[in-house]
Amino acid sequence: MSRTYAIGVVGATGAVGREFLTVATERNFPVGCLRLWASPRSKGRQIDVDGQPHTVDVLRGDGSDFQGLDFVLISASGAISRAVAPQVAAAGVIAIDDSSAFRYDDDVPLVVPEVNADDLRAHKGIVAIPNCSTTPIVQVLAPLHQQNPVQRVIADTYQSVSGAGGRAMDELSQQTAAQARGETPDVDPDVFPHPIASNLIPSIDDPRDDGYSKEEWKVSAETRKIMHLPDLPVSATCVRVPVFRAHAAAVHAEFGRPFDPADARAILSDVPGVQVVDDLAAHQYPMPSLAAGNDLTWVGRIRRDMSHPNGLVFWIVSDNLRKGAATNSIQIAESMIAQNLVP
Ligand SMILES: NC(=O)c1ccc[n+]([C@@H]2O[C@H](COP(=O)([O-])OP(=O)(O)OC[C@H]3O[C@@H](n4cnc5c(N)ncnc54)[C@H](OP(=O)(O)O)[C@@H]3O)[C@@H](O)[C@H]2O)c1
């Protein structure tokens with residue numbers, strides 16, 4: 001009989017945690033035992049996974065919950081990851097962390113399996129997944145870079161509200177309904193500082209002293225780390241948009257040589273997990289409505305950058321809850337199993 005794996009999910013009731021449970025079932029991930037944790041307000045809640053009810057618990061806090069597991073997905077908050085991930089690793093269990101708490105640590109692999117699965121071999125118990133905007137960008141950039149070295153990247157992102165969690169999705173629903181009734185929407189400042197319905201908010205995560213937001217810094221630092229290009233100049237502008245699911249990015253990349261868009265399309269057409277849809281005249285291009293609910297990273301609007309001889313411009317869309325978070329986490333577990341990295 002083939003082996004099954006004992007899995008724990010911290011943040012099982014959240015937007016990413018719930019998606020993780022769905023994707024694990026869809027992919028027939030060999031789950032043996034399954035433990036679910038969330039905040040005290042969810043204690044005792046039942047969640048059906050693959051037709052079986054599972055009860056949500058709260059962590060004891062001393063790390064004893066993790067004994068005997070193989071993987072723990074941590075998908076709650078950076079503060080919870082900082083407390084929990086070292087406990088998971090100390091129990092000899094692999095922590096797959098969705099937060100930014102460990103992404104920049106030298107001894108924590110930051111992995112998109114299609115790009116840098118080999119980095120998993122250096123893990124010391126904690127593996128981080130990237131920010132949900134960075135993942136699709138590196139999926140597209142890395143295969144192009146293999147053919148023609150990338151020199152500089154400007155990425156402007158259009159990020160859906162689900163990237164900010166379940167409460168942000170509720171906020172967009174409520175504000176949209178209020179606007180339809182002709183009312184001024186209520187704003188919960190703990191979610192977004194301004195109305196998100198019928199609006200764009202050019203600020204995601206904390207502001208930094210250099211004028212960038214932390215989200216923009218993450219796209220830059222994570223792209224460099226995953227692609228093993230520590231000096232690659234990457235500049236981002238990250239914008240929250242009133243879309244429920246799937247993040248988009250307009251990417252302007254400069255390469256060592258001119259890049260024929262037809263060559264880029266041909267390269268990307270062969271990349272697992274990437275889907276090219278690129279016919280402007282026929283109105284065929286990636287959109288959140290195409291990407292929401294599936295695991296593909298969609299790329300189109302591929303064209304020469306008219307402002308730079310070696311520039312290429314493209315437009316990427318991918319479901320942030322799936323490839324941007326849950327699916328990438330499961331693919332990391334699958335890759336670690338395939339590479340015999342699970343004790
Ligand atoms: N959303 C995305 O697209 C995305 C993509 C990549 C990475 N991430 C990262 O994934 C993490 C979760 O994001 P999300 O969007 O899923 O957020 P979310 O919808 O707000 O869910 C947060 C989860 O954390 C749980 N939680 C809160 N306090 C807890 C505690 N003390 N102990 C255990 N669990 C606790 C919540 O439980 P209750 O339901 O009981 O409150 C809920 O299950 C964040 O670190 C985020 O940065 C998110």
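Because the model is predicted, local features are reported only at a pLDDT of at least 70 and side-chain atom pairs only at pLDDT 80 or more, whereas totals for chains, interfaces and linings use all residues. Residues are numbered from 1 along each chain as its sequence is written.

The protein has nine helices and 13 strands, where helices (H or I, at least four residues) and strands (E, at least two) are DSSP runs numbered from the N terminus. Its C-alpha atoms fill a box of roughly 60 × 55 × 40 Å along the principal axes. The radius of gyration is 20 Å, which agrees with the value near 20 Å for a compact globule of 343 residues; this radius is taken over C-alpha atoms, and the globule rule is 2.2 Å times the number of residues to the power 0.38. Buried residues account for 45% of the 343 residues, a residue being buried if 20 or more other C-beta atoms lie within 10 Å of its own, exposed if 12 or fewer, and partly exposed in between, with C-beta atoms placed from the backbone. Of the contacts between residues at least 6 apart in sequence, 67% join residues at least 24 apart, and two residues are in contact if their C-beta atoms, placed from the backbone, lie within 7 Å.

The domain assignment, which is automatic or taken from a database, gives domain 1 (5-130 + 325-338) and domain 2 (134-160 + 200-320). The C-alpha centres of domain 1 and domain 2 lie 27 Å apart, and twelve residues of domain 1 are in contact with 14 residues of domain 2. On the side of domain 1 that touches domain 2, helix 3 (113-116) and helix 9 each supply at least two residues.

The largest nonpolar core has 96 residues, of which F71, V72, A95, L141 and I316 touch the most other members. Leaving aside neighbours within four places in sequence, F71 is in contact with Y5, I7, V93, I94, I96 and A333.

Around the ligand there are 31 residues, and G14, S39, S42, A76 and G165 come nearest; a residue is counted here if its C-beta atom, placed from the backbone, lies within 6 Å of the molecule. By class, this shell has twelve nonpolar, 16 polar and three charged residues, where Ala, Val, Leu, Ile, Met, Phe, Trp, Tyr, Cys and Pro count as nonpolar, Asp, Glu, Lys and Arg as charged, and the others, Gly among them, as polar. Helix 1 (15-26) supplies the largest share, three residues.

D205 lies in the loop between helix 5 and helix 6 (214-226) and, with 16 C-beta neighbours inside 10 Å, counts as partly exposed. H228 lies in the loop between helix 6 and strand 9 (234-240) and counts as exposed, with 11 such neighbours.

Note on methods:
Core = buried A, V, L, I, M, F, W, Y, C linked by C-beta atoms within 7 Å.
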